[in-house]
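The sequence and the structure come first.

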Amino acid sequence: MIRFIVQLVVTALGLWLASAVVPGVGFTGQWTLILAALLLGIINAIVRPILVVLTFPLTVVTFGLFLLIVNAATIGLTAVLLDGFVVDGLWAGIGAAIITGVVSWIAGTAIPDDKR
């Protein structure tokens, strides 16, 4: 449960940083940001694996770069499903995907995992 809360906070931090750095990404309030992080986690758990399997040939051909499009699509889907969270276009989604990915990666290296 603690790991889930930490991941939620890290995702929210990544989305907040993306809204501060990437033009076209924004949210209306802190609760919208927390709900966006929660919804993004759910979408990443359910929809993203399906998209990764379906787009595997494109991912292989582009040496993994197509995963940025998949991540941007999951962030865009979160914005479509949640009022108050806005992602204006593909490039804003890719920028948000890069920033949230880097923040999650840094937090993953800084926070020890009990399973390792």
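The crossing of α2 and α4 is right-handed (the near helix is turned clockwise from the far one by less than a right angle). The model is predicted: local features need pLDDT of at least 70, side-chain atom pairs count only at pLDDT 80 or more, and totals for chains, interfaces and linings use all residues. Residues are numbered from 1 along each chain, and side-chain values use heavy atoms, without hydrogens and water.

| Helix pair | Angle | Axis separation |
|---|---|---|
| α2 and α4 | about 135° | 9 Å |
| α4 and α5 | about 100° | 8 Å |

Angles run from 0 to 180 degrees between N-to-C directions. Because 65 to 115 degrees counts as roughly perpendicular, under 35 as roughly parallel, over 145 as roughly antiparallel and the rest as oblique, α2 and α4 are oblique to each other, whereas α4 is roughly perpendicular to α5.

On the α2 side, residues including A36, L39, L40 and I43 meet α4 residues, among them N71, T74, I75 and T78; contact means heavy atoms within 4.5 Å. This contact has 12 nonpolar, four polar and one charged residue. Toward α5, the α4 residues L68, I69, N71, A72 and I75 meet residues including L90, G93 and I94. Here the classes are nine nonpolar, three polar and no charged.

Beyond its neighbours within four places in sequence, F85 is in contact with residues including L15, V25, A36 and I75.

Conventions
Helix = DSSP H or I, 4+ residues; strand = E, 2+ residues; numbered from the N terminus. Nonpolar A, V, L, I, M, F, W, Y, C, P; charged D, E, K, R; others polar.
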